[in-house]
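Visitor: Hi, I'm new to this one. Could you walk me through it?

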Amino acid sequence: MLTPDFTERQYSTFNLITGANRTIDILGFTGGSEALSSIAQTALQWAVDNYNGLNTTLQFNFWYKFPSYRYGCL
């Protein structure tokens, strides 16, 4: 039986969100090669709604956009 190595997939940071503006924007692409499927869009929206429903001081905004590559990376 294989034992998963979770250390390769973990992320940690010391860059904490502080101050009054405690909102993270999440962008979901709706077109192009990076497009989220309708199931993925729904799942991500539910996850954001569930987290925001916890009434913590950190909130997420989730919105969709068709990618526009002429502006470069987001």
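Predicted model: local features only at pLDDT ≥ 70, side-chain atom pairs only at ≥ 80, totals over all residues.

Guide: One term to start: buried means under 20% relative accessible area, exposed means over 50%, and partly exposed is in between (1.4 Å probe, protein chains only). Residues are numbered from 1 along each chain as its sequence is written, and side-chain values use heavy atoms, leaving out hydrogens and water.

Visitor: OK, how many helices and strands are in the protein?

Guide: There are 1 helix and 2 strands, running β-α-β from the N terminus on. Helices (H or I, at least four residues) and strands (E, at least two) are DSSP runs, numbered from the N terminus.

Visitor: In which sense do β1 and β2 pair?

Guide: Parallel: β1 (residues 23-29) and β2 (residues 59-65) share 7 bridges, and DSSP has to find at least two for strands to pair. Ile24 stands opposite Phe60 in β2. Between the strands the chain passes through α1 (residues 38-52), and this crossover is right-handed: with the strands pointing away from the viewer, the path from the first strand over the helix to the second runs clockwise.

Visitor: Which residues of α1 are buried?

Guide: Gln41, Val48 and Asn52. Down the axis of α1, its buried residues fall within an arc of 35 degrees (taken from the directions from the axis to the C-beta atoms), so they line one face of the helix. Those residues pack against β1 and β2, where contact means heavy atoms within 4.5 Å. Ile39, Trp46 and Asn50, on the other side of α1, are exposed.

Visitor: Switching topic, how many aromatic pairs are there?

Guide: The count comes to 2. Rings of Phe, Tyr and Trp (its six-membered ring) pair if their centres lie within 6.5 Å; planes under 30 degrees apart are stacked, over 60 edge-to-face, and the rest tilted. Tyr51 and Phe60 have ring centres 5.1 Å apart and planes at 80 degrees, so that pair is edge-to-face. Phe62 and Tyr64 are edge-to-face too, with centres 4.8 Å apart and planes at 70 degrees.

Visitor: And is Phe62 buried or exposed?

Guide: Phe62 is buried, at a relative accessible area of 12%. Tyr51 is partly exposed, at 28%.

Visitor: What share of the 74 residues is buried?

Guide: Buried residues make up 11% of them.
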